[in-house]
Amino acid sequence: MEINIRKLELTDYEVLIKVMKQAYPQMKEYVWAKKSIQKLTTIFPEGQICITVDGKLAAACLSIIVQYELFGDEHTYADITADYTFNTHTDIGNVLYGIEVFVDPEYRTLRLGRRLYDARKELCEHLNLRSIVLGGRIPNYSKHSHELTPRQYISKVRDKEIYDPVLSFQLSNNFLPIRVLKKYLPEDEASKENAVLLQWNNIYYSKKNLNTMQDSVIRLGLVQWQMRHFATIDDFYNQVEFFVNVMGDYKADFVLFPELFNTPLLAPFNHLSERESMFELAKLTEEIKVRISDFAISYNVNIISGSMPYEENGELYNISYLMHRDGKIDEYKKIHITPNERRYYGMKGGSEIKAFDTDCGKIGLIICYDVEFPELPRLLADQGMKILFVPYLTDTQNAYTRVRNCAAARAIENECYVAIAGCVGNLPGVNNMDIQFGQAAVLTPSDFSFPTNGVKGEATPNTEMTLIVDVDLNHLKDLHYNGAIRTITDRRKDLYDTISLNTEK
């Protein structure tokens, strides 16, 4: 007999489902969809483990990595998996969360479950994660529920007065019960919808020096940027560093700069056409990106660098960079190009929309005009986005009102926070960048946990300043389940849905 432990592959799917049905005969209709296995094996292949016996798949376990403070000890299976989309998985999380384990009854005498759990523990140690957490079923509880509470049942299982095929096994593998999770898995009738939150601690864990959030409160720093002429590019850098330094001193988690905030550097090219001068400015983008990324690392803060022109294969794009404080850089190209950008600069729109993993959870990033199209933030919300950043550049109060009101609507529709920041003041001597109107703000859903006007904080209009605001992600979680309105949950997906047609990534 040959026993082999390996990564689960999508080609295992048909056999995997047969084994699952044999392991859970009372829950045959609740098997994993192929698209779910495909996503898990794509986003976290190391966490999907199976065992074969003489080449036949006999057991499997599935896992994701989560930033556990975003969920806490009171959560459901739907919470932790983002309704089976697994958008809660993040490579920079701190806990390995077990979402499935089963063994073909034919091979249970081989102790394959213990091998799977040992493999999980090795993975947890290898990835330097704090612990393994899971919601364990108690399938024999239905036989005792008429006389025992879940707490009493767990106590008797622990004292070996009652045998439970799941909980007894987990206790024997050094998992500690933390609490009872009510309504954890509604379809689990055998457990009466209960589960036991269990934890195994990695004693070799070394705390990561990434300033990973320790609670649900995130501090946002918004820069209301005054347009002014700079004698040299170093003067521009000094002004950027001043704001980053201030936000760092106030322990901000994010700094948001406005759209095209570096356009004062267009002044030396004013003798050229608008398009030609923007190409010249685009030549500085790589240098500026590297310099601001250095600021993010030095001042220990994540920076959204507003946006800048970017040249690629002879085309101009409006690009924003997310500079993580650990040195990683993500980027987003503005998708919806305004008539002004198209007419004067010939800019092209990007083609990718995705939420970004940060040390404060998943965020979304779109640019100005993009926020007037509700489909983009909805796609980001479906990917787990909780904070949407919108750098903008508006010349008149009319234009600003469009951005502001649409951003407020996106906060309500998607149960998220929306941070907007723009440029202010005048910029004479630079073609097509002469006047600006702006007011930075952090907008919220409208419910009891939030300000009555849906505004967490706002700056003084048309004045250079900073806005520093704390937002609590737990308020979003409470809204999702207990809000007066629940826009994400109540959406009629049986009638309509929003999907991305871009399948390149």
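This is a predicted model: local features need pLDDT of at least 70, side-chain atom pairs count only at pLDDT 80 or more; totals for chains, interfaces and linings use all residues.
Local features need pLDDT of at least 70 and side-chain atom pairs pLDDT 80 or more, while totals for chains, interfaces and linings use all residues. Residues are numbered from 1 along each chain as its sequence is written, and side-chain values use heavy atoms, without hydrogens and water.

**Domains**

An automatic or database assignment sets the domain bounds. Domain 1 spans 3–201 and domain 2 spans 217–482. Their centres, taken over C-alpha atoms, are 41 Å apart. Contact means heavy atoms within 4.5 Å.

| Part | Residues in the contact |
|---|---|
| Domain 1 | 13 residues |
| Domain 2 | 12 residues |

About 840 Å² is buried between domain 1 and domain 2, and carbon and sulfur atoms give 45% of this. Buried area is the accessible area (1.4 Å probe) lost on putting two parts together, summed over both. L70, N87 and I92 supply 54% of what domain 1 buries against domain 2, more than any other three residues.

**Second largest pocket**

A pocket is an open set of points on a 1 Å grid over the protein atoms alone, where a 1.4 Å probe fits, with protein on both sides within 12 Å along at least five of seven lines; lining residues have an atom within 4 Å of a point. Of its 43 lining residues, Y24, V101, F102, R137 and V166 are the closest to the centre.
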